[in-house]
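Me: I would like to learn how to read the features of a protein model. Could you walk me through some of them, one at a time?

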Amino acid sequence: MAACLLPCLALPAWAQQPDRTEAALLSGSPRLAAFALMRDRPAGQAPLLARLLHQEGMLRDGRPAPALLSRHLTARPLLRWDDNINGGIPGETLTVGGIDLTVSPESRARGGLVLGLAASGNARYRLAPGRMLRLAGQATAVYSPRHDLSRQDLGLGACVAQHLGEWRFVDLCGGYAFGRTDLSNSHLAWTGLRGSGLFEMAGGLHELSLGLRQTWRKDYRQAFADLSLDSALSGIGAVGLRLSAGERVDGHNAIRYRAGLSLTRPIRKRPVTFGIGWQREEGSTLFGTPRRDDIRTLGIEFGLTPKLTLLLAGQHRSSTVPMYDENRIMLDMRWR
């Protein structure tokens, strides 16, 4: 996987050289996009700027609060390759004290092509001058004809965002996620507080966010500190950096550290995103052996058409318990 993706990072000569406004529009951050349009004032973009400022609660339209600013509902088919549809164990054997133990066939990971549906929706309300309520939800259901397995996922989230003046914001958010596979169910609730600021430095435009987050799972809770930086750089594109650190949870293989770096830029007039990531999980033991997993991911996402994108990624999990060592290929067709 890495061999086919790394040459892409050289950015061929025919790739477009975006200015910083184009890069901001590719970043996925409405605030960074609005900041770039306000700073650079490109011709013909005044209506888009007004819409973005309106949706962030930075413009008033005379309507009494609360007021619905926008809403969006979508449903689309899914076509995906999943190496672990049932949430099973990757390895077939476990060695304990020199004795090889065999993982039951029912507990092993099953992979293959899955078909399904995805639905999502979001809405924005202005609660008061500069204060926004954002609601979002998504659900997916997939099925593997080869293994007669199904998988369902649900996510719900809400944020109250307060504009503090200039280009500073604070967001109070919470959410819930549920996942069901053939072998297990997962539940995750979370809440977090995040402060964000936008600024110009070294010719680029940047959005820096710092936050604290608390999560609750079925059998443990965990606190995180998060940092993110989104940058719009002329001639380069939209660069995103994500860092997280979580508290240690004894007895559970929990996420301790996470880092990710992405680059999005147009190639042949289509947005292309290159991404790399690393994650460490630790805290549990298995038959007296402390478990620590390092997960490395390398991927690319590109638009085939204005409505269709393709995600291709490779992931390697290296564990101190060899039974959990895993190599995964992820292939996902996404309709917008």
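Reply: Happy to! Let us start with W167, which is buried because its relative accessible area is 13%; buried means under 20% relative accessible area, exposed over 50%, and partly exposed in between, with a 1.4 Å probe and protein chains only. Please keep in mind that this is a predicted model, where local features need pLDDT of at least 70, side-chain atom pairs count only at pLDDT 80 or more, and totals for chains, interfaces and linings use all residues. Residues are numbered from 1 along each chain as its sequence is written, and side-chain values use heavy atoms, with hydrogens and water left out.

Me: What is the mean pLDDT of the chain?

Reply: First the idea: pLDDT is the predictor's confidence in each residue, from 0 to 100. Here the chain has a mean of 88, with 92% of its residues at 70 or more. Over residues 1-14 the pLDDT is below 50, and this stretch has 20 contacts in the model beyond near neighbours in sequence (contact means heavy atoms within 4.5 Å).

Me: Back to W167: how is its ring placed relative to the ring of F35?

Reply: A pair of aromatic rings is described by the distance of the centres and the angle of the planes. Rings of Phe, Tyr and Trp (its six-membered ring) pair if their centres lie within 6.5 Å; planes under 30 degrees apart count as stacked, over 60 as edge-to-face and the rest as tilted. This structure holds one aromatic pair. The centres of F35 and W167 are 5.1 Å apart and the planes stand at 65 degrees, so the pair is edge-to-face.

Me: Which parts does the pair of F35 and W167 tie together?

Reply: F35 belongs to helix α3 (residues 30-40) and W167 to the loop between β6 (149-165) and β7 (168-180), so the pair ties together parts that are 132 residues apart in sequence. Helices (H or I, at least four residues) and strands (E, at least two) are DSSP runs, numbered from the N terminus. F35 is buried too, because its relative accessibility is 1%.

Me: Where do charges sit over rings?

Reply: A charge sits over a ring if NZ of Lys or CZ of Arg is within 6 Å of the ring centre and within 35 degrees of the ring normal. R31 lies over the face of F169, 4.0 Å from the ring centre. The charged end of R291 is over the ring of Y324, at 3.6 Å from its centre.

Me: How many disulfides does a search of the whole structure find?

Reply: A disulfide is a pair of cysteine sulfur atoms within 2.5 Å, and the search finds one. C159 and C173 form it, with sulfur atoms 2.0 Å apart. C159 lies in strand β6 and C173 in strand β7, so the pair ties together parts that are 14 residues apart in sequence. The torsion about their S-S bond is about 115 degrees, so the disulfide is right-handed. C159 counts as buried at 13% relative accessibility, and C173 counts as buried at 8%.

Me: Which residue has a positive phi of about 55 degrees although it is not a glycine?

Reply: Most residues other than glycine have a negative phi. D148 has the positive phi of about 55 degrees, and its place is in the loop between β5 (131-144) and β6. D148 is exposed, at 56% relative accessibility. K269 also has a positive phi, about 65 degrees. K269 is found in the loop between β12 (254-267) and β13 and is exposed at 73% relative accessibility.
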